Amino acid sequence: MIQTKKPRTLAEPFKIKMVEPLRITTPEYRKQTLQKAHYNPFLLRSDDVYIDLLTDSGTSAMSDHQWAAMMMGDESYAGAHSWEHLEETVKELTGMPFVLPTHQGRAAERILYGILGGKDKVFISNTHFDTTRANIEFTGAQAFDCMNEESLKPDTLLPFKGNMDIEQGRKVILQQGAENVSAIILTVTNNSAGGQPVSMENARQVRALCDEFGILFVIDGCRIAENSYFIKHREAGYDGRACRDIAREMLDLADAFVMSAKKDGLVNMGGLLVLRDKALTEKCTNLLIISEGFATYGGLTGRDMEAIAVGLKEIFDEDYLHYRIKSTEYLGSHLRDKGVPLVQPFGGHAIYIDAKDLYPHIPQHQFPGQALVCNLYVQGGIRCVEVGSVMFGKYDKEGNPVNAKSELVRLAIPRRVYTQSHIEYVIDVFDDILEERDKAHGLKIVYEPPFLRHFTARFEPI
Ligand SMILES: *Cc1c(COP(=O)(O)O)cnc(C)c1O
């Protein structure tokens, strides 16, 4: 952070060398566009979006160093120096001896959980991310989320709301039999629980639980750099420590590390599976070669591997991490001050709005979250995603809708993409949203696929 006499605007610790023009559109145009997209922003063309907060995954801006490294990409089939660069970087970061490159996070999950899973097997986590759960359940195994009741409440102010509930985990182990538990997976930060951090103490407790029962400890560390920043600033004994060292301390506790490089890898595509055990590595490598590619590139090109290697160093820049977390917090605190109901404390990569609270007149089966998503697009050209009954709603045996527990809207912040003034703009658009709060109306679904309906469902306004 640039040091000045008094605290100043949160200015970016980077400047811009290449620009990507954004199209300026009118509310009238966006109204028509949204109608053509059946009121589902996943069906919009990105050219029609001004600020795209759909996801932080694969949307990072790469640095000049990353682009320069890409020119050095060695595209040899085997033993490329780009592979050596990536392998060395990952070994140094994790302290783990075996590195497998994959095309993205879920490919690493498919390989690892394909081998560890199977019928009668059990996995335990703070919260399984949806691709993690899907890859586990696809093998016939069961996935148990173990979260404390207090952490699940939207506004209890706890420093580490991403933590796993150790006692619940122990109960699952005792009920299912330790011999059936394939792994405990700690997701840091806890993506599906609002990007909330996990403490080092919790990771130590998970290690102890794994040792007690002889279970493999996996860290799903897509956002381990952001998590380390929270530990540095919230957990006793970590003040003044480098975030990179904090990440290493956490990884030293684990047996395996799975990472989607599309998040804290600061690249647009890529993933990693990193292991300590040689026998397990051999099994995983066989599957990697069958399904992804040879062991020295997996699912990646030489230039991809160069970009990840550089990204994994840049992500631990203390000034970058400070700016990153503060910028998310800035958006959250300004929306909160305007009276927008939010999930608190704010996570690392996204702000979650409580749409049920914002639009109390819209019943849950008319999707208040989707209504807000649509209004943000029409009012401001902002694209984001509903995390509520559209995403998680189901039907019971009689075909009646079963609503989700909460109706949230996620504003995910791409890394290094938008400037502070873009964030100010998003905050300003909420003035219009609040002003027209009472006029907001619900939607009904007119088409939906059998699985993951939020991606392709079509709506009509009520
Ligand atoms: C994104 C993500 C994954 C899956 O990674 P992809 O690169 O999207 O396949 C797994 N776990 C968590 C916590 C994630 O955020």
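A residue counts as near a molecule or strand if one of its heavy atoms lies within 4 Å of it. With that cut-off, 14 residues surround the ligand in this predicted model, and the closest are Q104, R106, D220, S260 and K263. Residues are numbered from 1 along each chain as its sequence is written, and side-chain values use heavy atoms, with hydrogens and water left out. Since the model is predicted, local features need pLDDT of at least 70 and side-chain atom pairs count only at pLDDT 80 or more, while totals for chains, interfaces and linings use all residues.

The shell around the ligand is made up of 2 nonpolar, 6 polar and 6 charged residues; here Ala, Val, Leu, Ile, Met, Phe, Trp, Tyr, Cys and Pro count as nonpolar, Asp, Glu, Lys and Arg as charged, and the others, Gly among them, as polar. Helix α4, residues 105-116, gives the most to this shell, with 3 residues. Helices (H or I, at least four residues) and strands (E, at least two) are DSSP runs, numbered from the N terminus.

A ligand oxygen lies 2.6 Å from a side-chain N or O atom of S260. For R223, a side-chain N or O atom is 2.9 Å from an oxygen of the ligand, and a polar backbone atom of G105 is 2.9 Å from a ligand oxygen. On its own the ligand has 380 Å² of accessible area, of which the protein covers 97% (Shrake-Rupley method, 1.4 Å probe; for residues, only the protein chains shown count as cover).

Helix α4 also takes part in helix packing. Its axis comes within 9 Å of that of helix α5, residues 130-138, and the two cross at roughly 30°; axes are lines fitted to C-alpha atoms, for helices over the stretch in contact, and angles run from 0 to 180 degrees between N-to-C directions. That angle makes α4 roughly parallel to α5, as angles under 35 degrees count as roughly parallel, over 145 as roughly antiparallel, 65 to 115 as roughly perpendicular and the rest as oblique. With helix α11, residues 278-291, α4 packs at about 125°, the axes being 9 Å apart, and the pair is therefore oblique.

A cis peptide bond with omega of about -20° joins V188 and T189, and T189 sits in the loop between β5 (181-187) and α8 (200-213). Another cis bond runs from Q344 to P345, with omega near -10°; P345 is placed in the loop between α13 and β9 (350-354). Finally, Y39 has a positive phi, near 60°, and lies in the loop between α1 (27-36) and β1 (51-52).

Conventions:
Polar contact = N/O pair within 3.5 Å; in protein donor to acceptor, adjacent residues only side chain to side chain.
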